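Subject: Structure for you to look at

Dear colleague,

Please find the structure below, with its sequence. Once you have it open, read on for some notes on what was found in it.

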Amino acid sequence: MSKFIGIIPARYGSTRFPGKPLEDICGKSVIRRVYEQALKALDIVVVATDDERIYDAVESFGGKVVMTRKDHRCGTDRCLEAYQAITTPIWREQNDKDTVIINIQGDEPFIHPEQIESLIQCFDRPDTQIATLVRPFTDKDSQEELEDPNTPKVDWNPETGEAKMFSRKVIPVNGPYYRHIGIYAYRADILAQITQLEQSPLEKEERLEQLRWLENGYSIRVGVTNLPTIGIDTPEDLRKAIEWYKING
């Protein structure tokens, strides 16, 4: 039976919104809300940060946190360092193939436990290497939202359950369009492998690291969620999140 560990990469130096993990949403920081939501679905959750302010903030509310290097290319690399920090080489040798690391975005303060559970269910199949979530576009979504390059789209095969392509452009498909929800899960041995891969041409063009994995022959299983997410990339996103919480929290 697989073991599941949630890791939340949290940088302070975001280009568009520096310090956003420590911003307040009605009495709790963004990172605290992510952490507490993740704990509703997982027994082990760890924040992986490169900044002492975030480290201290997580410790202050009783969360588990590890300090990681500042020079990681992406959250996936930071997840591996954090996983290695909380385990021993002997433990990893014995458990890597049965351990799944869930990479939870540090700017999703209202991540639904059901979404994490959907990822966990992807590993009911023993051949799953990597998993991620998608959400269908609906009639309520505008053409502008569909074409927004900040909203990656996914082409996947419902019969195999595997992703075929990710793009910031609109991918021509016969069925419904799906948006990518940027939460990943990886078997620990696969995580160690994909962090060693060189960036691929398609990844550089699209600025989507998951394309590197596909181009190198790894499979990405897709879980479907109909639940909305609220990511915080800008101060305006934070304002909307606060207003949402006042109504729905």
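Tryptophan 91 is partly exposed, because its relative accessible area is 28%, where buried means under 20% relative accessible area, exposed over 50% and partly exposed in between, with a 1.4 Å probe and protein chains only. Before going further, please note that this is a predicted model, in which local features need pLDDT of at least 70 and side-chain atom pairs count only at pLDDT 80 or more, while totals for chains, interfaces and linings use all residues. Residues are numbered from 1 along each chain as its sequence is written, and side-chain values use heavy atoms, with hydrogens and water left out.

Aromatic rings

Rings of Phe, Tyr and Trp (its six-membered ring) pair if their centres lie within 6.5 Å, and planes under 30 degrees apart count as stacked, over 60 as edge-to-face and the rest as tilted. By this rule there are nine aromatic pairs. Among them, tyrosine 83 and tryptophan 91 are edge-to-face, with 6.4 Å from centre to centre and 70° between the planes; tyrosine 83 counts as buried, at 1% relative accessibility. Tyrosine 184 and tyrosine 186, by contrast, are stacked, at 6.2 Å centre to centre and 25° between the planes. Tyrosine 184 is buried with a relative accessible area of 6%, and tyrosine 186 is buried with one of 0%. Ring pairs also link Phe110, Trp244 and Tyr245 into a cluster.

The charged end of arginine 33 sits over the ring of tyrosine 245, 4.2 Å from its centre, where the rule is that NZ of Lys or CZ of Arg is within 6 Å of the ring centre and within 35 degrees of the ring normal. Arginine 53 likewise lies over the face of tyrosine 12, at 3.6 Å from the ring centre.

Helix H10

Helices (H or I, at least four residues) and strands (E, at least two) are DSSP runs, numbered from the N terminus. The buried residues of H10 are Asp237, Leu238 and Ala241. Seen down the axis of H10, these buried residues fall within an arc of 100°, so they line one face of the helix, the arc being that of the directions from the helix axis to the C-beta atoms. The face turned away from the buried side of H10 carries the exposed residues Lys246 and Ile247. Strand E2 (24-25) and helix H1 (30-39) are among what covers the buried residues of H10, with contact meaning heavy atoms within 4.5 Å.

Best wishes
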